Amino acid sequence: MSLIDDVDALQAIYVNRATGLGNNDDERDYPLYRQSILDNPRAASLAPSWVKRYRNLDQFWGFIKPKFGSYAERRSFIWDEFRALADYAESGDVHPADAAVSEAVNRLDADHVRTSWTKAIERRASDPEGAITMARTLLESVCKHILEDAGDSEHETNPDLNKLYKKTATLLNLTKAQHEEVVFKQILGGCTAVVEGLGSLRNRLSDAHGKGKGGAKPAPRHAELAVNLAGSMAMFLLATWESRSGQELG
């Protein structure tokens with residue numbers, strides 16, 4: 001069965017139990033469908049917290065019964081809670097933005113850039129800290145590639161991302177100072193803010209540095225944001241370089 005089939009089946013079992021329609025088949029199948037969801041890191045990150053918390057339907061009943069007095073309220077609650085997971089499962093694990101960035105990255109003759117992007121999208125759900133680290137690495141790799149492709153290899157081995165981006169943006173005519181129009185200044189200023197924010201996020205939430213007892217721990221949604229922003233910026237930089245250089249990426 002596909003993931004969407006498992007999600008639909010598990011949701012139906014919860015609805016049945018919450019509305020007095022449960023049967024022995026539901027009791028038998030519940031642990032199988034539940035485990036199928038939890039074994040998929042991305043699906044598990046989108047599942048309602050109570051799916052992870054309640055190992056059997058009696059525990060779920062103890063949760064849902066006092067929460068809502070009517071069957072209609074219980075059904076609506078379960079459907080709403082499952083919406084994000086169902087949307088993901090129905091999409092077939094396809095992220096349109098991922099595909100667009102992957103297409104741009106795959107045109108490069110640069111394994112390190114492709115590796116950074118692949119690791120970033122693979123780790124979003126299962127390893128948020130690692131995904132944030134790779135999101136930053138992706139931007140660094142893309143900037144280095146563009147600069148080296150332009151004949152500028154005089155950058156540090158481990159440069160400050162903000163400085164590296166500024167150098168790349170200047171090359172590509174993407175700094176605020178290079179434009180007069182207010183709207184372009186706003187957009188390009190926003191791009192700079194994204195890069196600076198990713199650098200700060202990486203320093204605070206990624207696995208790049210040791211943490212004390214009170215260190216913040218990122219959730220999959222934080223990693224999703226970081227990777228999506230880094231992917232969008234990488235695609236924009238690559239497309240701009242391709243356009244300005246008048247040649248295929250390489």
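User: In what order do the elements of the chain run from the N terminus on?

Analyst: This is a predicted model, and its elements go α-α-α-α-α-α-α-α-α-α-α-α from the N terminus on. That's twelve helices and zero strands.

User: What makes helix α1 roughly antiparallel to helix α6?

Analyst: The angle. Helix α1 (residues 3-18) packs against helix α6 (residues 71-90) at about 170°, with the axes 10 Å apart. Angles over 145 degrees count as roughly antiparallel, so α1 and α6 get that label. On the α1 side, the contact includes L3, V7, L10 and Y14, and on the α6 side I78, W79, F82 and L85 are among the residues taking part.

User: And why are α9 and α12 called roughly parallel?

Analyst: Here the axes of helix α9 (residues 128-149) and helix α12 (residues 220-245) cross at roughly 10° and come within 8 Å. The cut-off for roughly parallel is under 35 degrees, and therefore the pair qualifies. Among the residues that meet are A131, A135, L138 and L139 from α9, with A223, A226, V227 and A230 from α12.

User: How do you know that R17 and D58 form a salt bridge?

Analyst: Their side chains meet at 3.1 Å, N to O, and the rule asks for a Lys or Arg nitrogen within 4 Å of an Asp or Glu carboxyl oxygen.

User: Are R17 and D58 buried or exposed?

Analyst: R17 has 19% relative accessibility, so it counts as buried, the limit being under 20%. D58 comes out at 52%, so it counts as exposed, given a threshold of over 50%.

User: Which residues form salt bridges with E140?

Analyst: R136 does, with the closest N and O atoms 2.1 Å apart, and so does K144, at 3.0 Å.

User: Why does I187 count as partly exposed?

Analyst: Its relative accessibility is 49%, so I187 counts as partly exposed; exposed would need over 50%, and buried under 20%. I187 belongs to helix α11 (residues 182-205). Together with V183 and F184, I187 makes a nonpolar surface patch of about 260 Å².

Conventions: Residues numbered from 1 in each chain as written. Predicted model: local features only at pLDDT ≥ 70, side-chain atom pairs only at ≥ 80, totals over all residues. Heavy atoms only, no water. Patch = residues over 30% accessible without salt bridge, like charges linked within 9 Å, V, L, I, M, F, W, Y side chains within 5 Å. Areas by Shrake-Rupley, 256 points an atom, 1.4 Å probe, with all protein chains shown as cover. Helix = DSSP H or I, 4+ residues; strand = E, 2+ residues; numbered from the N terminus. Buried < 20%, exposed > 50% of the residue type's maximum accessible area, 1.4 Å probe, protein only. Axes fitted to C-alpha atoms, helices over the stretch in contact; angles between N-to-C directions. Parallel < 35°, antiparallel > 145°, perpendicular 65-115°, else oblique. Contact = heavy atoms within 4.5 Å.
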